[in-house]
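Here is a walk through one protein model, one part at a time. Keep the 3D view open and find each piece as you read.

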Amino acid sequence: MRNTVAVMNTKGGVGKSTLVLAVAETLSAVFRKNVLIIDSDSQASVSAMLLSASNLHRLQSDGLTIVDLLVASVLNNVAVDWPRFVVGGVSDVDEARTVYLIPSDMQLTLFEREVSKESLHARLRTSIGALLNHVRGVFDVILIDCPPGLSVLTESWLREADFHFSPTKPDYVSTCGLEVFRRFKGLNPEMGFAENLGVIINMKDAQSSVEADYQRWLNENADNKLFAQTVPRTSALQHASHLSPVERSYMAKYPGESSVAIRAVCQELLARLDAANAKEASASAAAASSPPVGSEASS
Ligand SMILES: Nc1ncnc2c1ncn2[C@@H]1O[C@H](COP(=O)(O)OP(=O)(O)OP(=O)(O)O)[C@@H](O)[C@H]1O
Ligand SMILES: [Mg+2]
């Protein structure tokens, strides 16, 4: 099943990491899914949202981050025991016991420099593809938190993952970020690219007519596949990034309209994943049952 999803907008600060966190915790706590988050941002934002500073620091010191996994596989060209890098029991939501994480580290930037310097882009892409192949069969949904901008690593995720979705703020600069992303996707189509699952409007102010105009405009372009559900700007979502030292209930972390919106986003996300997989399955079945080209002439 295709279930690997890169979360991407070339614009920073649109809520990529916050939505990765909230969607993963909701898929686990409410929809009972096993979710793996791969933190591909050198800032390690989502890792810090899921792990205490001391635990994150220990994993970084012990060489158990995405950087160490990629250094071994890409720079040192050795086989990697990928489950060693997956941390369970993350999240401060007591019902979200099936969220797993491959954490990140600042050193990711140096790793990317080595890849470019040694022209190891092909090996990077092969390693990313192999990792995604492994995790596809183990987890229900895999979310890759990408940094803003278009790095060599982000490009590899986008070419090897099955899908991407893009959070955006309903404003001018964030929607420009989507446009840059769309143009990037159009370059070198022969190299493969994740399928668009849709654009999600985040930090929406229900009272703003300007934001409503941006929503209409995004909706008019069918390529965006805009999610029907928008995510409001709420203080609960703003503070979701602060890991609580004690576990709390899902409803304590995401009260009221925050949980209503994120649950609806998850429902839409799961429906879109199912629909995309069903479409591919029926296309493969049709291809398998149709006669090979030229069979009539040769019989
Ligand atoms: N729905 C929301 N309501 C209120 N605040 C939000 C919401 N979503 C995100 N934020 C806040 O917006 C800021 C940016 O969010 P976040 O770090 O998730 O964005 P990002 O796209 O991952 O940023 P970067 O590009 O730097 O990785 C954070 O302070 C976060 O708490
Ligand atoms: Mg982020």
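Which helix gives the most residues to the shell around ligand 1? That's α1, with three residues. Keep in mind that what you're looking at is a predicted model.

**Around the ligand**

Let's stay with ligand 1 for a moment. There are 19 residues surrounding it, and the closest are Gly12, Gly15, Ser17, Thr18 and Gln238. Sorted by class, the shell has six nonpolar, 10 polar and three charged residues. Besides α1 (16–29), α10 (235–239) also supplies at least two residues of this shell.

**The sheet**

Now look for the strands. Six of them make an open sheet in the order β3-β2-β4-β1-β5-β6, and the pairing is parallel. At the edges sit β3 (99–102) and β6 (195–201), each of which pairs on one side only. Going from one strand to the next, the twist averages 20°.

For a look at one pair, take β1 (residues 4–7) and β4 (residues 141–145), which run in the parallel sense and share four bridges. In one of these strands, β4, you'll find Asp145, the bridge partner of Val7.

| Helix | Strands touched | Angle between directions |
|---|---|---|
| α8 (residues 172–186) | β5 (163–168) and β6 | about 155° with β5 |
| α12 (residues 256–289) | β5 and β6 | about 165° with β6 |

**Two helices that cross**

Helix α12 has another partner, α1. How do these two meet? Their axes come within 9 Å and cross at roughly 80°. An angle of 65 to 115 degrees counts as roughly perpendicular, so that is how α1 and α12 lie to each other. On the α1 side, the contact is made by Ala22, Val23, Thr26 and Leu27, while α12 brings Ile262, Arg263, Val265, Cys266 and Leu269. By class, that contact has seven nonpolar residues, one polar and one charged.

**A mostly covered helix**

Last stop: helix α4 (residues 66–75). How many of its 10 residues are buried? Seven are, so to speak, tucked away as buried residues, and the helix is mostly covered. The buried ones are Ile66, Val67, Leu69, Leu70, Val71, Ser73 and Val74. Their cover includes the strands β2 (35–39) and β3, along with the helices α5 (108–117) and α6 (121–136). After α4 comes Asn77, which has a positive phi near 55°.

Note on methods: Residues numbered from 1 in each chain as written. Chains lettered and ligands numbered in written order. Predicted model: local features only at pLDDT ≥ 70, side-chain atom pairs only at ≥ 80, totals over all residues. Near = placed C-beta within 6 Å. Nonpolar A, V, L, I, M, F, W, Y, C, P; charged D, E, K, R; others polar. Pairing = 2+ DSSP bridges. Axes fitted to C-alpha atoms, helices over the stretch in contact; angles between N-to-C directions. Contact = placed C-beta atoms within 7 Å. Buried ≥ 20, exposed ≤ 12 C-beta atoms within 10 Å, placed from the backbone. Parallel < 35°, antiparallel > 145°, perpendicular 65-115°, else oblique.
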